[in-house]
Amino acid sequence: MGIQEIRKQFEEAQEELAGRQETEALRELISRYREDERAGVQALLKRAEKQLDALQNERERMWEMKRFEREYGAEGYVCGIDEAGRGPLAGPVVAGAVILPEKEILYLNDSKKLSAKKREELYEVIMQEAVAVGVGYASPERIDEINILQATYEAMRDAIAQLSVKPSVLLNDAVTIPGVAIHQVPIIKGDAKSASIAAASIIAKVTRDRLMEKYDAVFPQYGFAAHKGYGAAAHIEALKKYGPCPIHRRSFIGHFTV
């Protein structure tokens with residue numbers, strides 16, 4: 001068989017691997033062509049073996065990322081909680097709550113460590129595969145009224161309330177949420193240590209980013225689609241030039257307005 005035909009076989013198997021994490025087709029090809037001494041075939045084998053090694057490393061990373069879920073799983077459903085948008089000058093704070101399935105979901109991580117494209121891909125996987133997903137919000141007005149910390153707690157309680165099943169344990173990114181009668185486990189840098197918290201961070205981040213992109217169409221002069229309401233130089237310049245719009249947090253922008 002010609003190298004181009006063999007290459008096509010490997011490409012098809014690698015596409016299947018990327019989509020479903022199934023390794024059988026690729027392993028079978030590696031075994032089939034192991035003794036083929038042509039340099040082009042050996043290059044295909046080397047690339048395939050490297051991909052399988054990377055997949056194994058990712059599975060080992062995710063096994064470690066689910067250690068808290070295994071530790072507390074005997075109590076019932078374990079839910080990860082995280083937020084996006086505590087620091088911006090504009091827009092809501094958004095909280096995500098995710099109960100992951102037993103099924104393997106790879107590449108979960110702190111949303112800040114993922115590209116926008118990867119976050120979007122994982123968002124769709126989580127929404128499709130999770131046992132339950134909840135999203136909560138606190139508006140800019142509410143943030144100004146009760147402060148960002150209390151508004152974040154409120155958004156988190158809202159996210160928990162939106163879940164279709166009640167969790168027995170909450171894995172939180174560094175906080176203990178007041179007013180919640182569920183066993184809580186605060187984990188420092190939890191979005192990098194717990195798969196459930198990482199999933200919640202992705203849900204919160206993507207939800208908020210999409211919302212800020214919609215606000216950009218309403219208030220185009222501020223550039224919300226680019227900076228998502230954070231204090232980028234262009235945002236501050238626009239704020240000084242045009243003044244605040246309805247989604248700006250008045251308690252955050254005192255230094256930039258008169």
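# Rings, burial and a pocket

Visitor: What makes you say that Arg249 lies over the face of Phe252?

Guide: Arg249 is placed at 5.0 Å from the ring centre of Phe252. The limit for a charge over a ring is 6 Å, with a further limit of 35 degrees from the ring normal. The distance passes, and Arg249 is listed over the face of Phe252. Bear in mind that this is a predicted model.

Visitor: How many aromatic pairs does a search of the whole structure find?

Guide: The search finds 2. One is formed by Tyr222 and Phe224, with 5.5 Å centre to centre and 20° between the planes.

Visitor: Why is the pair of Tyr222 and Phe224 called stacked?

Guide: A pair of rings is described by two values, the distance of the centres and the angle of the planes. Centres must lie within 6.5 Å, and planes under 30 degrees apart count as stacked. Tyr222 and Phe224 give 5.5 Å and 20°, and the pair is stacked.

Visitor: Why is the pair of Tyr222 and Tyr242 called edge-to-face?

Guide: Their ring centres are 6.2 Å apart, and their planes stand at 70°. The distance is within 6.5 Å, and an angle over 60 counts as edge-to-face. So this pair is edge-to-face.

Visitor: What makes this a link between distant parts of the chain?

Guide: Tyr222 sits in the loop between helix H8 (195-218) and helix H9 (224-227). Tyr242 belongs to helix H10 (residues 233-242). Ring pairs join Tyr222, Phe224 and Tyr242 into a cluster.

Visitor: Is Tyr222 buried or exposed, and how do you know?

Guide: Tyr222 has a relative accessible area of 3%. Buried means under 20%, so Tyr222 is buried. Phe224 is buried too.

Visitor: Why is Tyr242 called partly exposed?

Guide: Tyr242 has a relative accessible area of 44%. Buried needs a value under 20%, and exposed needs one over 50%. The value for Tyr242 lies in between, so Tyr242 is partly exposed.

Visitor: Why does Asp36 count as buried?

Guide: Asp36 has a relative accessible area of 18%. The cut-off is 20%, and buried means under that. So Asp36 is buried. Asp36 is in the loop between helix H2 (24-32) and helix H3 (39-65). Beyond its neighbours within four places in sequence, Asp36 contacts Ile6, Val41 and Gln42.

Visitor: What makes Asn109 count as buried?

Guide: Its relative accessibility is 17%. That is under 20%, so Asn109 is buried. Asn109 lies in the loop between strand E2 (93-99) and helix H5 (116-129). Not counting residues up to four places away in sequence, Asn109 touches several residues, including Arg61, Met65, Asp191 and Ser201.

Visitor: How do you know that Asp209 is buried?

Guide: Asp209 has a relative accessible area of 9%. Asp209 lies in helix H8. Leaving out residues up to four places away in sequence, Asp209 touches Arg119 and Lys228.

Visitor: Why is Lys189 called exposed?

Guide: Lys189 has a relative accessible area of 61%. Exposed means over 50%, so Lys189 is exposed. Lys189 is found in the loop between E5 and H8. Lys189 also has a positive phi of about 55°, although it is not a glycine.

Visitor: Why is Ala174 called partly exposed?

Guide: Ala174 has a relative accessible area of 38%. That value lies between 20% and 50%, so Ala174 is partly exposed. Ala174 is located in the loop between strand E4 (169-173) and strand E5 (183-187). Its phi is positive, at about 80°, although Ala174 is not a glycine.

Visitor: What lines the second largest pocket?

Guide: That pocket has a volume of about 290 Å³. It is lined by 14 residues, and the closest to its centre are Lys66, Glu69, Leu100, Pro101 and Glu102. By class, the lining has 7 nonpolar, 3 polar and 4 charged residues. Pro counts as nonpolar, and Lys and Glu as charged.

Visitor: How many helices and strands are in the protein?

Guide: There are 10 helices and 5 strands. Of the 258 residues, 47% are buried.

Note on methods:
Residues numbered from 1 in each chain as written. Predicted model: local features only at pLDDT ≥ 70, side-chain atom pairs only at ≥ 80, totals over all residues. Heavy atoms only, no water. Phe/Tyr/Trp six-rings, centres within 6.5 Å; stacked < 30°, edge-to-face > 60°. Buried < 20%, exposed > 50% of the residue type's maximum accessible area, 1.4 Å probe, protein only. Helix = DSSP H or I, 4+ residues; strand = E, 2+ residues; numbered from the N terminus. 1 Å grid on protein atoms, 1.4 Å probe; cavity = no way out; pocket = protein on both sides within 12 Å on 5 of 7 lines; lining within 4 Å. Points joined across faces, edges and corners; volume = space filled by probe spheres on them. Contact = heavy atoms within 4.5 Å.
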